[in-house]
Amino acid sequence: MAGVIQAVRGMNDVLPDEAPLWQHFEDVVREVFAHYGYRYLQVPLVESTPLFVRAIGEVTDVVEKEMYTFTDRLNGESLTLRPEATAGIVRAAIEHSLTYERPQRVWTAGPMFRHERPQKGRYRQFHQFDAEALGFAGPDVDVEQVVMLARLWRALDLDGITLHINSIGDPDERRAHRAALVEYFSLHANALDADSQRRLQTNPLRILDSKNPAMQTLIEGAPRLVDRLGQASREHFDGLQQGLADHGIEFTIDPRLVRGLDYYNRTVFEWMTDRLGAQATVAGGGRYDGLFEQLGGKPTPACGFAIGSERIILLLQSAGRTVVDVPDAYVVHAGEQAARLARSVAESLRDAGLAVVVNAGGGSFKSQMKRADASGARYALIVGENEAAANRVAVKSLRGEGGQIDLAPDELATHLSSN
Ligand code: ATP
Ligand code: MG
């Protein structure tokens with residue numbers, strides 16, 4: 001016999017018992033986004049590799065080692081499974097002149113792919129909800145996005161998610177800061193790990209993002225960009241903080257918050273939990289005013305964020321949240337005539353908006369009743385030979401008390417809906 005083929009490491013199935021919680025989460029996100037005027041758009045899972053290299057930056061973990069890149073077998077084009085959604089959305093916005101007449105609030109959702117070491121809360125195929133405000137200079141829209149996420153946590157009844165913000169300034173401020181960082185870290189070159197030594201030459205800002213515990217004290221002492229912001233960036237950052245205060249949203253300014261992708265400027269934010277170990281960030285985002293130009297479009301300020309769906313699901317599960325998705329009725333039947341009545345009764349009930357499962361594949365009365373129980377249905381509808389002959393259906397409550405009553409088919413919908 002052939003061996004069993006398993007799922008690719010780090011890529012998960014969501015099985016039917018787990019799926020209702022996912023769907024609940026997704027429904028809530030969609031509703032909250034809609035209430036802020038964000039409109040859905042869909043972009044491909046596969047884009048040309050240079051899009052991500054240009055958008056995310058060559059010297060980032062994502063581009064250096066996490067992308068699933070392959071060659072199109074016909075034309076040799078290099079393609080990549082999207083590691084994030086912003087690059088694709090901005091590409092689409094430029095390609096279709098989305099922001100030509102007015103700014104746009106948009107969102108998308110779906111799987112992302114990164115070749116990381118799989119662990120709790122970190123997978124190779126994972127899912128994001130992604131919202132982008134395109135053509136807004138902020139900081140009002142930055143505030144709005146954070147407020148929208150705060151509303152989402154409330155709507156999901158999640159607590160313990162805290163907000164961390166920072167400003168990483170504008171490109172010239174970052175250049176000056178970069179020079180200060182290179183000077184600082186060069187003075188301590190022998191305390192740097194191998195990754196950081198390499199980054200010192202290529203992208204010293206990313207040293208601040210290092211997760212190596214041995215590097216933390218050195219990083220604490222590094223020059224802080226937030227102390228060297230120019231006036232415009234300062235005012236933008238003040239506006240963000242004032243707006244959050246107006247909404248009563250608590251935050252911590254974290255001068256070390258730089259985010260993993262290169263395209264951010266000014267506002268960066270992360271919502272974090274202490275319940276998922278090293279996978280602490282459940283949503284992160286910020287402003288990327290330079291990205292449109294970087295991808296060949298017109299200068300267009302923008303701000304966006306992504307929610308890591310798996311991490312939210314883990315939080316919901318650890319809070320003991322369960323969602324079950326069960327049919328209203330399960331129809332048990334025996335005999336040719338009964339099967340016909342069972343099917344037609346089920347169709348009428350579905351017309352009335354009820355979820356009905358008809359036993360398929362035969363089985364004794366006892367085994368059909370077992371399946372009815374296992375389905376979680378509220379009612380078993382029983383059509384035996386006698387019922388079929390009399391055009392009646394026996395209704396048995398499967399939850400708690402309640403005996404069995406006999407109804408005509410056209411009485412069923414009302415009875416099932418009212419109980
Ligand atoms: P991390 O620091 O945890 O690697 P990141 O900075 O790479 O996160 P982003 O690119 O900002 O993450 O993606 C936004 C969100 O997507 C993260 O905050 C996280 O919730 C989720 N996420 C990122 N990578 C993964 C992954 N490999 N598996 C599951 N969720 C992920
Ligand atoms: Mg990462």
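Predicted model: local features only at pLDDT ≥ 70, side-chain atom pairs only at ≥ 80, totals over all residues.

Residues are numbered from 1 along each chain as its sequence is written, chains are lettered from A and ligands numbered from 1 in the order in which they are written, and side-chain values use heavy atoms, with hydrogens and water left out.

**Exercise 1.** Work out the strand order of the open sheet of 5 strands, and find what packs on it.

Step 1: Reading across the sheet, the order is 13-12-14-15-16, and the pairing is mixed. Strands here are DSSP runs of E with at least two residues, helices are runs of H or I with at least four, and both are numbered from the N terminus. Two strands pair if DSSP finds at least two bridges between them.

Step 2: At the edges sit strand 13 (356-358) and strand 16 (404-407), each pairing on one side only.

**Exercise 2.** Find what Asp328 pairs with, and say whether the two are buried or exposed.

Step 1: Asp328 makes a salt bridge with Arg378, their closest N and O atoms being 3.3 Å apart. (A salt bridge is a side-chain nitrogen of Lys or Arg within 4 Å of a carboxyl oxygen of Asp or Glu.)

Step 2: Asp328 lies in the loop between helix 11 (309-318) and strand 12, and Arg378 in the loop between helix 13 and strand 14, so the pair ties together parts 50 residues apart in sequence.

Step 3: Both Asp328 and Arg378 are buried. (Buried means under 20% relative accessible area, exposed over 50% and partly exposed in between, with a 1.4 Å probe and protein chains only.)

**Exercise 3.** Now try the salt bridge between Arg340 and Glu336: where does it sit?

Step 1: The closest N and O atoms of Arg340 and Glu336 are 3.6 Å apart.

Step 2: Both residues belong to helix 12; being 4 residues apart there, they are separated by about one helical turn.

Step 3: Glu336 has 56% relative accessibility, so it counts as exposed.
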